[in-house]
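Dear colleague,

Please find below the structure that I am handing over to you. My notes on its aromatic rings follow.

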Amino acid sequence: MKLLAFLGLLLPSAAQACLWDTDTLEAETQGKLDLVDAITGRFPRNPPLYYQMRLARVTAELAKNPNDLDAYDDAAVACERLEKSLEAIAWMAQKRQVLDTLPKSLNKEAWYRYYANLGTFKIHHWFRSGAKVEAIGEAQEARDLIAKALEINPNAHFGRERAQLRTMEWVIDVKLRPPGSMLASYLDKARTPGEKPGDTIKGLAGLVVLGNAWGSPDLFHALAIALSMKKDSHLATLAKLRAEELLKGGAVSLSKELAAEWESGRLMVWSWQPYDAELPYLEKSFRSLRRASDEYHAHRTEFMLERLKAGRHPDTDLSFWNGYQEVPRGHILDLPRTQRLLQEYGLQFLAVGVVVVSVVGVILIRRWRRRARAKRQPGP
């Protein structure tokens with residue numbers, strides 16, 4: 001039982017993978033993911049009954065129409081969300097049989113999703129089986145499948161699959177050459193010319209919202225460092241606080257370097273940090289946002305379960321969400337008024353200051369020149 005509990009903590013720390021199904025497409029249409037929501041947990045997480053009902057529906061539909069490629073993804077991801085990785089892999093095998101009968105050039109997207117999902121299922125199964133070094137070939141196979149998906153669609157998930165691939169490579173490296181570096185250091189070294197910290201930030205946030213990384217201290221620590229490098233010190237602080245929240249709660253880091261840093265009593269993330277006076281307000285903001293996010297998730301789950309148990313499902317019931325009201329957000333970065341004004345209008349104040357200094361400088365220079373000319377002129 002202790003081993004299972006340990007693996008339950010370990011799995012989110014590294015199995016940070018993106019899945020592709022109907023819900024993924026809906027999330028993608030929302031545009032840019034909100035980083036505050038990703039860091040504080042305010043994003044949809046559905047109860048098991050949601051996936052059980054979806055699985056039953058698409059299984060029946062596939063019996064009637066075995067060529068519905070999207071249905072295989074929905075069935076497989078439903079199994080994965082129910083922590084049945086082997087069943088998810090089996091659904092992908094059935095999808096592969098159909099794909100092999102169709103023209104490959106006309107089903108590029110279906111092949112991309114096949115490799116992306118299968119790679120994700122296999123890395124999750126490896127972790128759930130104990131993440132054993134002697135079975136590292138399974139993790140390497142999963143990595144290669146994600147790499148193949150990226151060959152087909154390099155910019156999928158707004159670059160999140162690239163972050164997933166590098167995270168998987170980091171996990172393999174840490175397992176083969178312990179203690180290994182922290183995820184943040186690995187991602188920084190892996191960045192190619194032209195890539196920016198902002199690209200890493202998008203990828204990591206996507207792994208939280210659309211993947212399985214909500215419980216990973218390694219990922220949130222890496223996100224904090226990437227945000228700090230981008231000079232987003234407030235968001236970096238929130239990500240750092242989430243990493244600390246997880247570690248305090250007993251989450252396991254794969255990096256012995258990060259674990260040692262945490263045991264020393266302090267996580268170091270700053271290349272650009274907030275003012276000391278801001279930290280209490282950021283901590284207060286984080287606590288408020290986390291409470292509101294937990295309330296949001298509990299309220300949403302309660303609303304869903306009442307309807308799911310009545311046989312209603314959002315896949316088939318257009319009125320499912322009628323009457324739903326979201327729990328309001330907590331306070332975001334509730335800084336003192338003076339500091340907030342300085343931050344919001346700092347550039348304007350700086351611009352005005354430059355103009356004033358320039359005008360005064362011109363006036364003083366002109367006066368100096370007039371006095372100098374007057375001194376050079378001969379007297380009467």
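A residue counts as buried when its relative accessible area is under 20%. Tryptophan 111 has a relative accessibility of 4% and therefore counts as buried. Please bear in mind that this is a predicted model.

The structure holds 13 aromatic pairs. One of them joins tryptophan 111 to tyrosine 114, with 5.8 Å from centre to centre and 80 degrees between the planes, an edge-to-face arrangement. How many residues apart are tryptophan 111 and tyrosine 114 in helix α7? They are 3 residues apart in this helix, which spans residues 108–128, so about one helical turn separates them.

Tyrosine 114, at 7% relative accessibility, is likewise under the 20% limit and so counts as buried. The ring of tyrosine 114 also pairs with that of tyrosine 115: the centres lie 5.1 Å apart and the planes stand at 70 degrees, which means that this pair, too, is edge-to-face. An edge-to-face pair requires planes over 60 degrees apart. Tyrosine 115 is buried, as is tyrosine 114.

Over the faces of which rings does arginine 242 lie? One is tryptophan 214, where arginine 242 is 3.6 Å from the ring centre. Another is phenylalanine 220, where arginine 242 lies over the face at 5.6 Å from the ring centre.

With kind regards

Terms used. Residues are numbered from 1 along each chain as its sequence is written. This is a predicted model: local features need pLDDT of at least 70, side-chain atom pairs count only at pLDDT 80 or more; totals for chains, interfaces and linings use all residues. Side-chain values use heavy atoms; hydrogens and water are left out. Rings of Phe, Tyr and Trp (its six-membered ring) pair if their centres lie within 6.5 Å; planes under 30 degrees apart count as stacked, over 60 as edge-to-face and the rest as tilted. Helices (H or I, at least four residues) and strands (E, at least two) are DSSP runs, numbered from the N terminus. Buried means under 20% relative accessible area, exposed over 50%, partly exposed in between (1.4 Å probe, protein chains only). A charge sits over a ring if NZ of Lys or CZ of Arg is within 6 Å of the ring centre and within 35 degrees of the ring normal.
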